Amino acid sequence: NHDRTIYLAEGVYSPSTNGEFFPVSLIDHVNLEGIDEENVILDAEGYAGGVRLYDVQYCDLSKFTVINGNSGHGGGITCINSDVEISDVTLSENQAGYGGGVYIDNSSVEMDDVIVHDNSSGYGGGIYLEDSDVNLHNIIIEENSCTHEGGGIKIVDSELMIGNVLISANISQDDGGGIFVHNGEIVMQSSRIENCSAGGSG
């Protein structure tokens, strides 16, 4: 096992507080772990996305919060051609064209004990996934919004497994307040979709 871990001490990491550069980009076999989810804050201050993974294998993200990310794809976290595990992470007040909280494309992603809250996008206010295999467990996806499809989640040509997930109070101006599916498969267990709304259908 040649994995390495970058440990983040308590504090706010942002361009204005410590000159942090965003997005935070990782490479193969390197993990990013905070000491405490509530007290390790990655604040992109609207300059770019929060964390970016491109062609990355064997990477774990854990115990931190991402806020104020702003990107075309993935305001909080972007996963492209990657194999990632995300746990004990909060994504809040991020925005993007696709995937306000998380953007996943051609990737395998496992998320456990993650909060996706108050993010916004054009498509997939909370999470956008395409050509991917994603497993969500113990997740809260709430109060996210999008202008087009999938206030909580938009799924395109992907497989999604959901266990003990709450999808609540998400809004789409067009279709799919909670979840919008285009050529995808969902398996849901012990999960709820409630109080979501759409201007069009779903």
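The legends below describe close-up views of a predicted model. Local features need pLDDT of at least 70 and side-chain atom pairs count only at pLDDT 80 or more, while totals for chains, interfaces and linings use all residues. Residues are numbered from 1 along each chain as its sequence is written, and side-chain values use heavy atoms, with hydrogens and water left out.

**View 1. Edge-to-face pair of Tyr98 and Tyr128.** Three aromatic pairs are counted (rings of Phe, Tyr and Trp, the last by its six-membered ring, with centres within 6.5 Å; planes under 30 degrees apart are stacked, over 60 edge-to-face, the rest tilted). In one of them, Tyr98 and Tyr128 lie 5.3 Å centre to centre with 80 degrees between the planes. Tyr98 is in strand β11 (residues 95-98) and Tyr128 in strand β15 (residues 127-130), so the pair ties together parts 30 residues apart in sequence (strands are DSSP runs of E, at least two residues, numbered from the N terminus). Tyr98 is partly exposed at 31% relative accessibility, whereas Tyr128 is buried at 5% (buried, under 20% relative accessible area; exposed, over 50%; partly exposed, in between; 1.4 Å probe, protein chains only).

**View 2. Stacked pair of Tyr103 and Tyr128.** The ring centres of Tyr103 and Tyr128 are 5.4 Å apart, with 10 degrees between the planes. Tyr103 belongs to strand β12 (residues 102-105), and its pairing with Tyr128 in strand β15 ties together parts 25 residues apart in sequence. Both Tyr103 and Tyr128 are buried. Ring pairs join Tyr98, Tyr103, Tyr123 and Tyr128 in a cluster.

View 3. Asp43 is buried, at 12% relative accessibility. Its C-alpha atom is separated by 5.0 Å from that of Ile67, 24 residues away along the chain. Not counting residues up to four places away in sequence, Asp43 touches Val12, Tyr13, Ser14, Pro15, Phe22, Ile67 and Asn68 (contact, heavy atoms within 4.5 Å).

Note on methods. Helices (H or I, at least four residues) and strands (E, at least two) are DSSP runs, numbered from the N terminus.
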